Amino acid sequence: MTALFVAELQFFLGASIKEKLLMDTTRSELLDIYLDITFHNLPCDYLSVDAMDVSGGQQVDVDHNIKKRRLKKDGTVVSEDSKNKDISDGLDPNRCESCYGAESSEHKCCNTCEEVRDAYRVKAGVLESLGSIEQCKREGIAHRLEDTKNEMCNVQGTLRVSKVSGNFHISPGKSFQQNHAHVHDLKFLQTFPLNLTHTINRLSFGEFVPTQVNPLDNHTFVAKELNTMRQYYTQIVPMRYQKINEEVVLSNQYSVTYHYKHIDLGKAARGEQSGLPGMFVTYEISPLMVEVTEHRRSFTHFLTGVCAIVGGVFTVAGIIDSFVYNSYRAFQKKLELGKVKLRLGTTKSRNSRLSGWFHE
């Protein structure tokens, strides 16, 4: 009885859940995508984070609210001291270095390797070798790509996108816009092995709520070959979660399916194959919303439950008591009946012996 009472009390003190389906009227809201993904065979220098949607919005090579952590193979963080060293020390801050034939109104001077590469992208030209560019040699870009090729990379942070269908992807190569097309520069990575094996430690759309289940959390994809394209197609259902204290949290639930294919970089460069090596997450948003409300039962309901427990315990106890009592009474009657039969048998044998003596 004590155990039943404690269980009833816990149920009363806890929150019960009511769910309701209704139309989503929060389309003007933005969508926060929380991600924490580890690439086991790609260094951070190779990777770029991009997002785009059907309304035409694009976020290219996102670094705001996104952190890339360099990791060794054992999972420890690589020191960033060497990366943060200022290579411009001793150089004239007012210098104007060459763009190596890619000068334009937008890029008149190219003082860094990245500015030279950007200038070539604007001109739709091809930069054949980083080793011939003074700025790249000074920054050690080619050596850095070689030195970091055995590192891992952890990408974590938040992407804020419009609440319309779209996708985000984490792919090798510097991303940029060219002739209204989204392009990744893989020219200098073609000689490096691009193994897209990764673990999604967390991927959620919106804030965490108690009933939320993220099917991609702790999901690992092992690439069996190089240059693979891993696609995740998600269907997002908006959720409005109201806590007992009437605090409202807007979040989302989602389901997911997978797709995988190999990318031939040579064919992709010639336009014979579509796609790009990387991890792609495509999302579509449902027009319906699930409203989840926490609430407690009333005290009268709790009292009713306690009375039901007490009444049930006494009823069961009465049934058990009646069964035991009746069984005992039946057993006693059988014992008494056995004693009577034994007494009658003894009397008959005594009478037979007496009659035998009289005949003698």
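Reply: Let's start with Cys 153, which counts as buried at 0% relative accessibility (buried means under 20% relative accessible area, exposed means over 50%, and partly exposed is in between, with a 1.4 Å probe and protein chains only). Before we go on, keep in mind that this is a predicted model, where local features need pLDDT of at least 70, side-chain atom pairs count only at pLDDT 80 or more, and totals for chains, interfaces and linings use all residues. Residues are numbered from 1 along each chain as its sequence is written, and side-chain values use heavy atoms, with hydrogens and water left out.

So who does Cys 153 hold on to, and what is the S-S distance? The partner is Cys 44, and the two form a disulfide with sulfur atoms 2.1 Å apart (a disulfide is a pair of cysteine sulfur atoms within 2.5 Å). This pair reaches across distant parts of the chain: Cys 44 is in the loop between S2 and strand S3 (47-53), Cys 153 is in strand S6, and they are 109 residues apart. (Helices are DSSP runs of H or I with at least four residues, strands are runs of E with at least two, and they are numbered from the N terminus.) Cys 44 is buried too, with a relative accessible area of 5%. Look along the S-S bond of Cys 44 and Cys 153 and you get a torsion of about 100°, so this disulfide is right-handed.

How many disulfides are there in total? The count comes to three. One of them joins Cys 96 and Cys 109, whose sulfur atoms are 1.7 Å apart. Here the torsion about the S-S bond is about -90°, so this disulfide is left-handed. Cys 96 and Cys 109 each lie in the loop between S5 and helix H2 (113-122), so the pair ties together parts that are 13 residues apart in sequence. Cys 109 is partly exposed, at a relative accessible area of 30%.

Then there's the disulfide of Cys 99 and Cys 110, with 1.9 Å between the sulfur atoms. The S-S torsion of Cys 99 and Cys 110 is about 95°, so we call this disulfide right-handed. Cys 99 and Cys 110 also lie in the loop between S5 and H2, so what they tie together is 11 residues apart in sequence. Both of these cysteines, Cys 99 and Cys 110, are buried.

Next up, charged pairs. There are eight salt bridges (a salt bridge is a side-chain nitrogen of Lys or Arg within 4 Å of a carboxyl oxygen of Asp or Glu). Arg 160 lies in strand S6 and Asp 32 in strand S2, so the pair ties together parts 128 residues apart in sequence. Asp 32 is buried, with a relative accessible area of 16%.

Another salt bridge joins the side chains of Asp 24 and Lys 163, at 3.5 Å from N to O. Asp 24 is in the loop between strand S1 (16-23) and strand S2 (30-39), and Lys 163 is in the loop between strand S6 (152-162) and strand S7 (166-172), so this pair ties together parts 139 residues apart in sequence. Is Asp 24 buried or exposed? Asp 24 counts as buried, at 8% relative accessibility, and Lys 163 counts as buried at 8% as well.

Glu 151 and Arg 70 make a salt bridge too, with 2.7 Å between the closest N and O atoms. Glu 151 sits in the loop between helix H4 (141-147) and S6, while Arg 70 sits in strand S5 (residues 66-71), 81 residues apart. Glu 151 is buried, and so is Arg 70. Elsewhere, salt bridges with shared partners join Lys 20, Arg 240 and Glu 291 into one network.

Last, the rings. There are four aromatic pairs (rings of Phe, Tyr and Trp, taking the six-membered ring of Trp, pair if their centres lie within 6.5 Å; planes under 30 degrees apart count as stacked, over 60 as edge-to-face and the rest as tilted). Phe 221 and Tyr 260 have ring centres 5.7 Å apart and planes at 55°, so this pair is tilted. Phe 221 is in strand S11 (residues 219-221) and Tyr 260 in strand S13 (residues 248-262), 39 residues apart. Phe 221 is buried at a relative accessible area of 8%, whereas Tyr 260 counts as partly exposed at 31%. Ring pairs also link Phe 205, Tyr 254 and Tyr 283 into a cluster.
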